[in-house]
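Morning, everyone. Please have the sequence and the model open while I talk.

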Amino acid sequence: MSKSLQVAAGEALGALSGPPQSAQRKRLHFLRTQGVLVALILLLIFGACRYDNFLGAYNVLTLLRYNTMFGLIAVGMAFVIMTGGIDLSVGTTAALSSVISATLSPHGIWLGLAGGVGAGLVIGLVNGLAITRLKILPFIVTLCTFLAAHGLALLFAGNQSVSVSWESGFTDFGQGDFLGFPIPAWIGGLAFIGGSIALNFSGFGRTVLAIGGNEEAARLMGLPVERVKFFVYVLSGALAGLAGVILASQFGAGQPNEGNGWELFAIAAVVVGGTRLTGGEGSIGATLSGVLLLGLIFNILNFENGKGVISLSAYWQSVIRGVFLLIVVILQARLARKEKDL
Amino acid sequence: MTALALRLGQSRRLIPSGALLGLVLLVVFNLAFTQNFLSLQTFNINLTQVSTIVIVAVGMTMVIATGGIDLSVGSLMAISGALAPLIFGAHSGLFAVPVLGMACAIVLPILAASAGGALNGTLVTRFRIQPIVATLILFIAGRGIAQVLTNGNLQTFSNDTFHWLGLGKVLGVPAQVIIMLIIVAIAAWVMRATLFGRYILATGGNERAARLAGVPVTRVKMAVYVICGALSGLAGLLVIAINSSADANLIGMGIELDAIAAVAVGGTLLTGGRARILGTLIGALIIQLVRYTLLAHGVPDAAALVVKAAIILAAVYLQKRE
């Protein structure tokens, strides 16, 4: 018993201080965690050489504007996954928030924002409470809130999309610019920087990684396991709510049926970013690269169609994303095994 | 009747007593308060609607019993459902031969879905990828493949064999319901009385121990994903048969959640090591009846979703305390 505890504590400490280093191991670790960045840069170079205006301001800013929703959800998901959990409810939570913020939008931009984020917070609270208090598997809890949020969104919206107010300035939130950059891109950027700082330079971030590394050991070390787990689900819910506000403001309507499959997009982005689904390690920066990479694939598909060399329907997008995810996951599995064998 | 049902549930432990009690209460409530509940039509409608979910959920039960999960079932249904009309609709080549074409239209789509299951199994066993990620790949790509096959178009058809699969009856019982019952019976027998069933439970209970005890863990896991894929393929064929049309965008949409919910309510441990095929059938029936009851009493479908979520949570919570 005491020996297994020692091993467990050792594992948790390992999660805190990083794996022991050797030159080859370091290289493998870099490839596994930062490979996505390399792939992203290669894809950008490929696009810049092949297409006109690929790196032009319009294309880059549009890409940033419309991928922020996914980025916000992916940040929340990254934290949840690093604790060894999962949050399947983010997509329909965003849909619910978009409906509520659209309904409140005639009363001004701030009330719309508060309502949307508040709805996300409530779903996150339910997730956190059921997981930490009732001790039900995160997968099941968030599956249930996935269904419930979808139902609530349809009920509030009366089964149709809810138009936002165009007078109150609510649409600026998703469509406006600030200092030449899209407002959503600012929000997304702040979320990634804030998330990165919280993960790397705070007790909260270290506790998140310790829980994912070995929950029992983290508890024995006196870390506030339940409180931190509760908080990551609330955070994930709130970020999904924020994504919903941006969705409503960008499309001019609350969309009760949107958000289906967003959770899987976010999980894919986190996995592509090199975060292991068993938790204990991960990076917010690599998650950002993952989001951009998945967004860029769609972008390049559009450009390729524009050149007229090939003509692929939008349906190919999910096939290509799937194949891409397949390749990344297999590579990651092999790298992780090699790293372990060393 | 309730007492008898409870005793049955407890003595055999095939079905969690809570789920059985829930089902009995639902039926009693409907008998008392829902008009025209006790009619063959109501009976057939509910069973027909639940049959595809049950067929998928049986495969899901086996996968979950090994400690895995399969998110790709809906996409595999879409592939098989999109493929079948392409084959029996062909007017030239080998597929144009009537009997051969028909056989191919049933066998090839199921094989295609099984191949998807084999991919899932390979990723889980050979590459040691967590099941939720491994099956996420086909969840995303599978529907895309089905949409690419049909260019996203609705395929309508009139075909005798599929017409019978969808609307045919044997002694007044719809064909899909019979297929569903046969599959449930076979799966329940496999889990209770065969070595393979024991292997599945051993793998889910403690994989390391099972491996050391000589259980062919890799082959067992591979097999359950292939079986789950094949059953999804069959369910896809039934869905298009019922509708007399195939829409790759909609076939099997969201069914993975219904299937997992049925498994959870039916008392199969979601962490693996215990499987209750009959429980899964009861679980699916409960979810279907709840939805039917709410709809019959004028509660909108959206509210039924919220209720469904609460039921699954309650079922899993009670199962934990059991």
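This is a predicted model: local features need pLDDT of at least 70, side-chain atom pairs count only at pLDDT 80 or more; totals for chains, interfaces and linings use all residues.

**A walk through the two chains**

Start at B:Gly117, which sits in helix H5 of chain B, residues 98-125. Helices here are DSSP runs of H or I with at least four residues, strands are runs of E with at least two, and both are numbered from the N terminus. Residues are numbered from 1 along each chain as its sequence is written, while chains are lettered from A and ligands numbered from 1 in the order in which they are written.

Is B:Gly117 buried or exposed? Buried, because 30 C-beta neighbours lie inside 10 Å. The cut-offs: buried is 20 or more other C-beta atoms within 10 Å of a residue's own, exposed is 12 or fewer, and partly exposed is in between, with C-beta atoms placed from the backbone. Leaving out residues up to four places away in sequence, B:Gly117 touches B:Tyr225, B:Val226, B:Cys228, B:Gly229 and B:Ala230. Contact means C-beta atoms, placed from the backbone, within 7 Å. Now look back to B:Leu100. B:Gly117 and B:Leu100 are 17 residues apart in sequence and 25 Å apart in space, C-alpha to C-alpha.

Next, B:Thr203, in helix H9 of chain B, residues 195-205. B:Thr203 is buried, because 26 other C-beta atoms lie within 10 Å. Its contacts beyond four places in sequence include B:Thr66, B:Gly67 and B:Lys221. B:Lys221 is 18 residues from B:Thr203 in sequence, and 8.1 Å away C-alpha to C-alpha.

Two loop residues now. A:Lys135 lies in the loop between helices H5 (109-132) and H6 of chain A. A:Lys135 is not a glycine, yet its phi is positive, about 60°. A:Lys135 is exposed, because it has 11 other C-beta atoms within 10 Å. In chain B, turn to B:Arg128, in the loop between H5 and helix H6 (131-150). Phi of B:Arg128 is near 55°, positive in a residue other than glycine. B:Arg128 is exposed, with 12 other C-beta atoms within 10 Å.

Now H6 of chain A. Its 20 residues should span 28 Å at 1.5 Å a residue, and its end C-alpha atoms are 28 Å apart, which agrees. The expected span is 1.5 Å times one less than the number of residues. H6(A) is mostly covered, with 17 of its 20 residues buried. After H6(A) comes A:Gly158, with a positive phi near 65°.

Where do the chains meet? 37 residues of chain A are in contact with 35 residues of chain B. On the chain A side, H6 (138-157), H12 (262-272) and H14 (315-341) each supply at least two residues. That side has 27 nonpolar, eight polar and two charged residues. Nonpolar covers Ala, Val, Leu, Ile, Met, Phe, Trp, Tyr, Cys and Pro; charged covers Asp, Glu, Lys and Arg; the others, Gly among them, are polar.

Last, one helix pair in chain B. The axes of H12 (residues 255-265) and H13 (residues 277-296) of chain B come within 7 Å and cross at roughly 115°. Axes are lines fitted to C-alpha atoms, for helices over the stretch in contact, with angles from 0 to 180 degrees between N-to-C directions. The contact residues include B:Asp258 of H12(B) and B:Thr280 of H13(B). By class, the contact has seven nonpolar, two polar and one charged.

How values were computed. Two residues are in contact if their C-beta atoms, placed from the backbone, lie within 7 Å.
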